[in-house]
Amino acid sequence: MRYGSLGRFVCLAAAGLAASGAALAQSPAARLPLATAATEPLLVAADLREGTDLSGEWRYSIDPYRSGIAGFHGETPDRGQQRWLDVDVRKAMAEDNRTLFEFDLAHSPAAQLPGSWLAATPELRHYQGLVWYQRSFTVAPGRKGRTFLRFGAANYATVVYLNGQPLGRHEGGFTPFAFEATTALRDGENQITIGVDSAATAATVPPPVTDWENYGGITREVRLVQTPETYVDDAWVRLTRDGKLAVEARLRGPAAANAPVRLAIGELKLELAGKTDAMGTWRATMTAPRALVRWSPEQPRLYDVTLSAGDDRWRDRIGFRTIERRGPDLLLNGKPLFLRGISMHEEEIGANPARIITPANARALLGEIKTGLNGNYVRLSHYPHSEVMTRAADELGLLVWSEVPVYWMVAWDNPATLATARNMLAENILRDRNRASVVIWSVANETPVSEARNAFLRTLVSDTRRLDDTRLVSAALLVERDRAAAVPTMTMVDPLAADLDVLSINTYNGWYTQDRLTDLPGSVWRVPADKPLVFSEFGADAKAGFHSPDRQQKFSEEFQAEFYRKTLEMADRVPTLRGMSPWILKDFRSPRRQNPDFQQGWNRKGLISETGVRKQAFAVLADYYARKAAVGAR
Ligand code: GCU
């Protein structure tokens, strides 16, 4: 059922994608096969598989007019522009002076990957467009099985060549994709060339205008991943709401059909054997062992899970827990839950971030939430963060809101844009379905109500429910302000609220509005009473070190701290409030923020500065969460 319907709807997505918004898709490169959630390989938990990490020094060359993608009449470019060719340019031109190449990646500047080019050199600080990357690597003879080339993510549209042969292309800046490389690889020296185009268009997801920096480039690891001929491409092992352990796995390869498979969780002395069907899919359930310790932020218990099939050993570290809503309450493992959170962008602490999320960077950020703020929850905004981050949340014990960048003004009536969004959502969910930390999938942020928008988002909501019936679905919504009311009075009028499990509101009363901070506690929130409410955003900018003892001046630490005090006082008076993720943990780059005294290209709503300096409001929220934690969920 699932894969059939998954395959069908993502094929729809793939079809739509073919004519998508990225510049690359409007060129001869569009003929390259497109990697999507429906096309092989998915390689779930590939980061735990045998393989070769291709991080390190790569050569790069900018291509602002995309001359390596299309000739001057849009045709296939001349040989002299084909950056992916498996040729030694200097040698070829030295041997025959009629030969002309107008690039030579092997002798172009070097950059360390992964990491966005924005932080690589000052010249590229604001470059948006196409960049080519190339490196060589050696493969030992005698390879067995299959080899895949897997990307954690590349922003935004990517084309991939190996030894001069096209492997394929991908669209979307925040989700994994992979290509089979078994036949294109050769023993000894290999050459890989990748074109990454960060340019956003009206049809891309997200669209050009956001409130964060568009970090172009290969921002997550590139790996060669080894598997046997037949391997476990996707596996999902979880606790269902009725306490059953359920497994669903998909094998790919010549021996995938009717193949014996075995699930094992050693620490629980659990073994479950079965056989795949004709499609290579296996589904089974069993009563969860009594000894199973459920995952929670207080006790983030993970188990080593293996799935054996023929020569393949798939493995993952998985926590088992249930999350549900009952009326306005959130229940984790059947117990009432309050989400003590904060929002966060995928940007490491430092003065010149490159969107490089190493395990250490992830722990530094999440540690500030868990131990610094006494938090149990993080909103990973506004796009899928690295799997390094969601694995760290699993290990540390932080609940996660995971989101796709359907943000502000998306082209709601463009089928290609919908296909792109559907595919991103599927890639994200299929990557992280085994992450205990992830409890909420969000389909959008601050999107204007319209028929086309409602239909677009309802498609994403139903895709989410089809792919994962164990988590909650939400979206960050806006509310209507009653201008005539004496006190701040907001009403949720968004028709999408009816389709969601968790109602989430972004509010900036007292920052983007003229409200006095003293008016905030008296605010009136007219929201449905039968669903949990979360404040997915509220916040105020403060420049670390800028002070105004009278707490009145915007951008001062004192104003931000007072804003938090008053907003939290308000929050305590909202009966159905079951969580919050104030905006935001850390100051982050945003081209929209250009006040020379206070912003300098940074959104300063962080509770810590870009270099990690805590502002006064940090302690205000930390104390509030300590009190919340002490009195239990509410
Ligand atoms: C919005 C938006 C964020 C933005 C924030 C702000 O609500 O969702 O992406 O950064 O407000 O204005 O600071």
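Arg98 is exposed, with a relative accessible area of 73%, in this predicted model. The label follows a simple scale: buried means under 20% relative accessible area, exposed means over 50%, and partly exposed covers what lies in between (1.4 Å probe, protein chains only). Areas of this kind come from the Shrake-Rupley method with a 1.4 Å probe, and for residues only the protein chains shown count as cover. Asp96, the partner of Arg98 in a salt bridge of 2.8 Å from N to O, is partly exposed at 25%. A salt bridge is a side-chain nitrogen of Lys or Arg within 4 Å of a carboxyl oxygen of Asp or Glu. Side chains of opposite charge can pair when their charged atoms come close.

Because the model is predicted, local features need pLDDT of at least 70 and side-chain atom pairs count only at pLDDT 80 or more, while totals for chains, interfaces and linings use all residues.

Across the whole structure, a search finds 51 salt bridges. One of them links Asp468 and Arg471, whose side chains meet at 2.7 Å, N to O; both of these residues are buried. Another joins Arg551 to Glu562 at 2.8 Å, again N to O. Arg551 belongs to the loop between strand S30 (533–537) and helix H7 (557–571), and Glu562 to helix H7, so this pair ties together parts that are 11 residues apart in sequence. Helices (H or I, at least four residues) and strands (E, at least two) are DSSP runs, numbered from the N terminus. Arg551 is partly exposed at 38% relative accessibility, whereas Glu562, at 12%, is buried. The pair also belongs to a network in which salt bridges with shared partners join Arg551, Glu562, Arg565, Lys566, Glu569 and Arg573.

Which residues come nearest to the ligand? Of the 14 residues around it, these are Asp211, Tyr407, Glu446, Tyr512 and Glu537, where near means that a heavy atom of the residue lies within 4 Å. An N or O atom in the side chain of Glu446 is 2.4 Å from an oxygen atom of the ligand. For Glu537, a polar side-chain atom lies 2.6 Å from a ligand oxygen, and for Lys605 the corresponding distance is 2.7 Å. The protein covers 97% of the 320 Å² of accessible area that the ligand has on its own.

His107 lies in the loop between helix H2 (89–95) and strand S3 (110–113) and is partly exposed at 41%. The side chain of His107 has a polar contact of 2.6 Å with the side chain of Asp104.

The backbone holds some further points of interest. Most residues other than glycine have a negative phi, and most peptide bonds are trans. The bond from Leu113 to Pro114, however, is cis, with omega near 0°, and so is the bond from Ser381 to His382, with omega near -15°. Phe555, which is not glycine, has a positive phi near 75°; Phe555 lies in the loop between S30 and H7 and is buried at 13%. Asn258 likewise has a positive phi, near 50°, and is partly exposed at 46%.

Technical notes
Residues numbered from 1 in each chain as written. Heavy atoms only, no water. Polar contact = N/O pair within 3.5 Å; in protein donor to acceptor, adjacent residues only side chain to side chain.
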